[in-house]
Amino acid sequence: MAVNDPIADMLTRIRNASLARHQTTQVPATNLTRSIAQVLQSEGFVAGVEETGEGVKRSLVIALKYKGKQRRPIITSLKRISKPGLRVYSNKRELPRVLGGIGIAIISTSKGIMTDRDARREGVGGEVLCFVW
């Protein structure tokens, strides 16, 4: 099945699996989804990322994290900002802060996919892909 927006598809799969309290979720592997998953892992929102399959059938298996005895998801919300129909760009001075710094904004910059905090440190702006908190 062709996916027009792989980022929105990835965020929806993570959101649905997290709300259903699944241990892992599977996402089609692209360079973009791989980079976003690595950012989520480095920021502590997911436990691990593993690539499976060969050729066109490659996919990422994302291990989700939960806290407490009630297994509440670490990821409270995922929100897609820049969409195929309306791209949202931000320069280095106007990078958004998510919940006053509690969450992260994932930015696609000329230096790669990174968080808003890293983009400020590097002094670059770019396309605001999504918010995670």
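This note goes through a predicted model point by point, from its sheet and helices to its nonpolar cores.

1. The sheet. Three strands make an open sheet in the order β1-β3-β2, and their pairing is antiparallel. The edge positions belong to β1 (24-28) and β2 (46-52); each has a single partner strand, so one side of each lacks a neighbour in the sheet. On average, neighbouring strands of this sheet are turned by 25° against each other, direction ignored.

2. Pairing in the sheet. Strands of a sheet pair through backbone hydrogen bonds, in a parallel or an antiparallel way. Here β2 and β3 pair in the antiparallel sense over six bridges.

3. Helix α2 lies across β1, β2 and β3, and runs at about 150° to β2.

4. Residues of α2 and just after. T33, R34, I36, A37, V39 and L40 are buried in α2. Just after this helix, G44 takes a positive phi of about 85°.

5. The largest nonpolar core. This core has 25 residues, and those with the most contacts inside it are I14, I36, L40, I62, I106 and V132. At least two core residues come from each of α1 (6-19), α2 (31-42), β3 (59-64), β8 (104-109) and β10 (126-132). The most is given by α1, with five residues.

6. V132 and the second core. Apart from neighbours within four places in sequence, V132 is in contact with L40, F45, I75, S77, L78, V98, G103, I104 and I106. There is also a second, separate core of 10 residues, which includes V98, A105, A119 and V124.

7. D116. Leaving aside neighbours within four places in sequence, D116 is in contact with L95, P96, R97, V98, I104, A105 and I107. Of these contacts, V98 and A105 are also among the residues of the second core.

Notes:
Residues numbered from 1 in each chain as written. Predicted model: local features only at pLDDT ≥ 70, side-chain atom pairs only at ≥ 80, totals over all residues. Heavy atoms only, no water. Core = buried A, V, L, I, M, F, W, Y, C linked by side-chain atoms within 4.5 Å. Buried < 20%, exposed > 50% of the residue type's maximum accessible area, 1.4 Å probe, protein only. Helix = DSSP H or I, 4+ residues; strand = E, 2+ residues; numbered from the N terminus. Contact = heavy atoms within 4.5 Å. Pairing = 2+ DSSP bridges. Axes fitted to C-alpha atoms, helices over the stretch in contact; angles between N-to-C directions.
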